[in-house]
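Student: Could we go through this model together and ask what stands behind each label?
Tutor: Gladly; let us look at it first.

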Amino acid sequence: MKSDRTPVLEVKNLSKTFYEKGKGLFQRTPNRAVQGVSFRVGTGETFGIVGESGCGKSTVARLIMGLERPDSGEVFFKGQRIDSLPEGQLRPLRPHFQMVFQDSGSSLNGRKRVRDILSEPMIWHGVAARQDAQARVDALLDMVGLPAGVKERYPHEFSGGQRQRICIARALSLNPDLIILDEPVSALDVSVQAQILNLLRDLQEKLGVSYLFIGHGLGAVRYISHRIGVMYRGRIVETGPSGELFSRLAHPYTRALLDAAPIADWNSRNRPRIVLRGEAAGAGWDGGCAFRGRCPCAVEACAASPCALKQAGGEDHLSACDMAESAR
């Protein structure tokens with residue numbers, strides 16, 4: 001992993017609220033999808049975001065990409081603020097930060113051959129001349145482990161893992177500094193997941209590209225990430241270097257996620273675990289800790305206000321739980 005004083009991506013106090021139809025005719029219920037999220041991604045680094053479905057992970061990705069506008073907060077790409085830029089000024093920067101979606105089938109144009117899917121972005125953005133684009137397509141396919149001959153085929157002729165390789169190749173076609181990976185292996189078989197994760201690690205080592213890796217499987221996020229942020233109901237509740245976060249769990253929710261992960265050791269089936277009851281929706285929007293309704297460590301003080309991130313171990317290991325010591 002490389003280091004750089006100026007991060008490739010920096011997110012500061014990002015917030016987004018959606019309003020859903022309520023019970024009354026004119027009533028709208030706020031859904032605070034993202035609340036005060038902050039993190040940074042260094043050069044050649046992978047920052048992983050993990051949490052349950054609906055915790056706001058994908059909304060964070062969409063806010064960074066400019067697919068949604070934040071209500072408040074700031075997004076900086078290589079030191080330049082991009083969240084408030086009009087589309088005309090943002091467009092020249094888009095080749096430098098790309099995104100790979102979970103559903104590879106719907107993110108590829110089914111009416112175009114692979115050669116066109118990969119070459120058109122390069123020609124449009126001036127990354128490669130038209131006469132050189134096909135050679136670049138062959139190189140990209142080789143980079144992601146596919147033979148050059150598949151460029152004449154359509155997306156529906158590939159397996160899910162092969163389509164995801166094509167999506168990765170498309171993201172790499174513009175020589176980006178940052179790739180946002182929104183649950184790129186969640187829809188794949190376990191063996192194929194391992195292949196894609198290994199491919200991503202090899203590409204990062206070779207190209208020095210930075211990743212924002214989003215997932216709800218702790219195993220995949222832990223394997224690929226240098227640092228991890230754990231999200232619950234729109235907030236980051238724990239963050240730190242991957243090794244320290246898993247060796248010194250500081251938040252009950254992180255421990256519950258780890259306990260929920262399957263373990264091959266049969267003798268560990270009766271180990272003490274935190275078992276989450278109910279859904280993520282529930283108490284918490286009234287200003288207290290959003291996790292208190294499902295937390296085994298909750299006390300009366302947890303209803304007063306959401307806990308701020310504070311040091312829980314090493315310098316970069318932070319937890320938003322005042323009961324951190326009892327949670328370990």
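The talk below takes up a helix, then some strands, then salt bridges.

Tutor: A word on sources: this is a predicted model, where local features need pLDDT of at least 70, side-chain atom pairs count only at pLDDT 80 or more, and totals for chains, interfaces and linings use all residues. Residues are numbered from 1 along each chain as its sequence is written, and side-chain values use heavy atoms, with hydrogens and water left out.

Student: How do you know that the span of helix 7 agrees with its number of residues?
Tutor: The expected span is 1.5 Å times one less than the number of residues. For the 18 residues of helix 7 (190-207) that gives 26 Å, and the end C-alpha atoms are 26 Å apart, so the two agree.

Student: Which residues of helix 7 are called buried, and which exposed?
Tutor: Buried means under 20% relative accessible area, exposed over 50%, and partly exposed in between, with a 1.4 Å probe and protein chains only. In helix 7, I196, L197, L199, L200, L203 and Q204 are buried. They cover an arc of only 155° around the axis, taken from the directions from the axis to the C-beta atoms, which puts them on the same side of helix 7. On the other side, V190, S191, D202, E205 and K206 are exposed.

Student: What do the buried residues of helix 7 pack against?
Tutor: Counting contact as heavy atoms within 4.5 Å, their partners include strand 3 (46-50), helix 5 (130-143) and strand 8 (210-215). After helix 7 comes G208, with a positive phi near 75°.

Student: Why is strand 10 described as largely enclosed?
Tutor: Five of the seven residues of strand 10 (235-241) are buried, so the rest of the structure largely encloses it.

Student: What makes strand 9 and strand 10 a pair?
Tutor: Pairing needs at least two bridges found by DSSP between two strands. Strand 9 (227-232) and strand 10 are joined by six bridges and run antiparallel, so the pair qualifies. Y232 has R235 as its bridge partner. The two strands form a hairpin with two residues between them, and R233 in the turn has a positive phi of about 50°.

Student: How many bridges join strand 10 and strand 12?
Tutor: Two, in the antiparallel sense, with strand 12 at residues 318-319. One partner pair is E238 and S319.

Student: Why is the contact of K57 with E183 called a salt bridge?
Tutor: The term asks for a side-chain nitrogen of Lys or Arg within 4 Å of a carboxyl oxygen of Asp or Glu. The closest N and O atoms of K57 and E183 are 3.8 Å apart, so the pair meets the cut-off. K57 is in helix 1 (57-65) and E183 in the loop between strand 7 and helix 7, 126 residues apart.

Student: Are K57 and E183 buried or exposed?
Tutor: K57 has 3% relative accessibility, so it counts as buried. E183, at 8%, counts as buried too.

Student: What makes D83 and R81 a salt bridge?
Tutor: Their closest N and O atoms are 2.8 Å apart. Salt bridges with shared partners join E74, R81 and D83 into one network. D83 is buried at 9% relative accessibility, whereas R81 is partly exposed at 32%.

How values were computed: Helix = DSSP H or I, 4+ residues; strand = E, 2+ residues; numbered from the N terminus.
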